[in-house]
Amino acid sequence: MSAPQEKTAQYGGLDLFRILAALLVVAVHTGPLLTVSAQANYLITDILARLAVPFFLAVSGFFLAPGIEKDWHSLRHFFHKVLLLYGISILLYLPLMVRNGYFSGCTPLSLAADLIFNGPFYHLWYFPAAVLGTIIIFLLLRRLGVRGSLAICSLLYLVGLLGDSYYGLSAALPPLNTFYNLLFSCFDYTRNGLFLSPLFLLLGVLLRKHSPRLAAGQYSALLCGGFILLVAEGELVAQFGLPRHDSMYLTLPLCIWPLMRLLCSIKCKSFPAVRTASTVVYVIHPLCIVAVRGGAKALGILSPDGFLLGSSLLHYLAVAAVSLLAALPFALWRQRQRHVQNTPNRLRAWAEIDRSALVHNIGRLTELLPAGCELMAVVKANAYGHGDTLTARVCMENGVKAFAVATLEEGIRLRRTGIRGEILILGWTPPELAQLLSRWHLTQTVVGPEYAQELNHSGCKVKVHLAVDTGMHRLGLAWDDGDGLLAVCRLRRLRVTGMFTHLAFSESLELDAARRTQAQLERFYQAAELVAQSGYGPVALHALSSYGLLNCPPQAGMAYARPGIALYGVLSRPDDQVGTSPGLRPVLSLRAKIARIHSLEPGDCAGYDGAFAPSASARVAAVTIGYADGYPRSLSNGRGRVLIRGKFAPVAGLICMDQLLVDVTGIPEAQEGDTVTLIGQDGEQILTAEEVARDAGTITNELLSRLGERVTRVMIS
Ligand SMILES: *Cc1c(COP(=O)(O)O)cnc(C)c1O
């Protein structure tokens, strides 16, 4: 089995399709084929284009999935964004609404219904629908789990269908008729946040939670089948004159599922600029319709039926082009922003923290956990060099509710920056500082029997987890010291809320190591059993760190798993074998700049001690990072390599405190000001943290956790 890494960024396919979906929405509102053939136009705008909104909703669900089942907090960012867009859009359309006389027949009640269900302007219903639908599935998933939620969302969708494409049926049945009359006195359509969006948002969540079972070809076949059914259904309901509106079809979910799978199978980088463009097109295209008509009128090329030169297709193309053109500045701005973020020109040495990789890893590791077991994200040592407050925040936004640190200071820093949930200090804290533990709601590890007494004497109430020594002989009370364990449980001022052990052999898959791990776990369960039977439970049990999680399937009954290094998408060593490879992605890239390039003649030497003394003429570049930044000095004299312009260059001579030299003789195009990659991808090439650590004679954990304070952490997404 290979290292658990996935090297390319994902979901570019979803981004690209968004622009197509936005253009489909434009089609819905312009009817591109109206002057060509009413039939063909119905096919495009009233059937196929109805895929667009469900697709947008499913994509939202897909990206909300990691957090939505856990924590309300993780949705806040999404709500904030959508409601902001909604607010801006309303302001944008206010003049048109006034001109159309919107406010003349408007009551507070109708205004509320419009804001929540109908949208005050005709395409704006999407925003409240996304928010309302998300709230609904969040609540459903909490109360009813996946199956129950799916049942309810399907039922809601069915109710929606009978008020939409199948309205003819309910209109014909008197009891239903009354029900729908009642519904339509509250809102104009059933395609809203109550009936349409929950199902598609949930589909997105499920698509993210479950890995694909079929090959891309099979999903294509399913999608074709879905299309055919959709078209058949659309034609059929039209034939019987059933639709009141045509936003909802029975077969839409059957198309969305394979469509999303297919788009996710396209492995390409994400395009935030395209994402932005599609949103802008969605928001502004009605304005563009007005602009195009106005322009055409002024030029005298608007036909009486409202089309350009009498052609609906020309009209559509003009609106699409104007919308795209208007979206361009926003897309460029977004692109620029990303560019500035990605290559921060004003930085000397920096670590790029890939948010999407971190979110991906959280999702993948969570999938490994049995029911009732949660992730305790280990963010000690500045989150292994990744920046602890930055990392913990992303974890929290994605549903992680428990964190582990090594020291009191680390715990307080997290609290100060607003991290909520459990924070367990895995190491020793001076018992005299117990007051700070309770003041910041931190949980302390009981490192030994005397320590427990001292903590108890401090005079304040402290939440603790009992460390149980099952063979590592580092911290904790001996697993077979029953009296000692119970004595701690009896201490008045300590509240034992958890018990954990640490495995000493979980990094190896060798039989002997596996046996020792098993023995450790059995001892731990015995100790836990004793505490529980003596009436001090239930307490949260945990034992598995990264390798434990990857090498021995977590058992039921564990409250947490404590991965550190795996969360950051790397292993300790490049050739480590692990039992499960969940496809983790490395989160950190380390970069610096070329400050100066010197040409050396034969006989010249460079750096301290003249340690770099090439026999032929050479070029050396001085790079803006050194051992004080955490780049190991042991990589001196060619043991380390860096990437410049997608090519490898060896470290030249001795690494200095703040700088190092590299031999760029083989990269004539290298220039002063170029970005140097010390860990991470540059062009086609990758320098993994595992390789760098190995070359430095250490493990990834040490290399990353030693990255210094002068290295700026930059979040990229
Ligand atoms: C550091 C640490 C972890 C995390 O270890 P990884 O191997 O990085 O996953 C878990 N538990 C304890 C007690 C630790 O000290």
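This is a predicted model: local features need pLDDT of at least 70, side-chain atom pairs count only at pLDDT 80 or more; totals for chains, interfaces and linings use all residues.
User: What is the overall make-up of the protein in helices and strands, and what does its C-alpha trace span?

Analyst: The secondary structure comes to 24 helices and 18 strands. Along its principal axes, the C-alpha trace spans about 85 × 80 × 45 Å. Of the 717 residues, 54% are buried. Among contacts with a separation of 6 or more, 72% are accounted for by residues 24 or more positions apart.

User: Which residues meet where helix 3 and helix 9 are in contact, and of what classes are they?

Analyst: In helix 3 they include Leu 57, Phe 62 and Phe 63, and in helix 9 they include Phe 200, Leu 201 and Arg 208. By class, this contact has 12 nonpolar, 4 polar and 1 charged residues.

User: How do you know that the reach of helix 10 is close to what is expected?

Analyst: Helix 10 (residues 216-239) has 24 residues, and at 1.5 Å a residue the expected value is 34 Å. From the first C-alpha to the last, helix 10 reaches 34 Å, close to that expectation. Its buried residues, among them Tyr 219, Leu 223 and Glu 233, pack against helix 2 (38-47) and helix 11 (252-265). Helix 10 is followed by Gly 241, whose phi is positive, near 65 degrees.

User: What makes Asp 609 buried or exposed?

Analyst: A residue is exposed when its relative accessible area is over 50%. The value for Asp 609 is 78%, so Asp 609 is exposed. Asp 609 is placed in the loop between strand 11 (588-600) and strand 12 (618-623). Its phi is near 65 degrees, again a positive value in a residue other than glycine.

User: What is omega for the peptide bond from Gly 537 to Pro 538, and where does Pro 538 lie?

Analyst: Omega is near -10 degrees, and the bond is cis. Pro 538 lies in the loop between helix 21 (511-536) and strand 9 (540-542).

Terms used
Residues are numbered from 1 along each chain as its sequence is written. Side-chain values use heavy atoms; hydrogens and water are left out. Contact means heavy atoms within 4.5 Å. Helices (H or I, at least four residues) and strands (E, at least two) are DSSP runs, numbered from the N terminus. Ala, Val, Leu, Ile, Met, Phe, Trp, Tyr, Cys and Pro count as nonpolar, Asp, Glu, Lys and Arg as charged, and the others, Gly among them, as polar. The expected span of a helix is 1.5 Å times one less than its number of residues. Buried means under 20% relative accessible area, exposed over 50%, partly exposed in between (1.4 Å probe, protein chains only).
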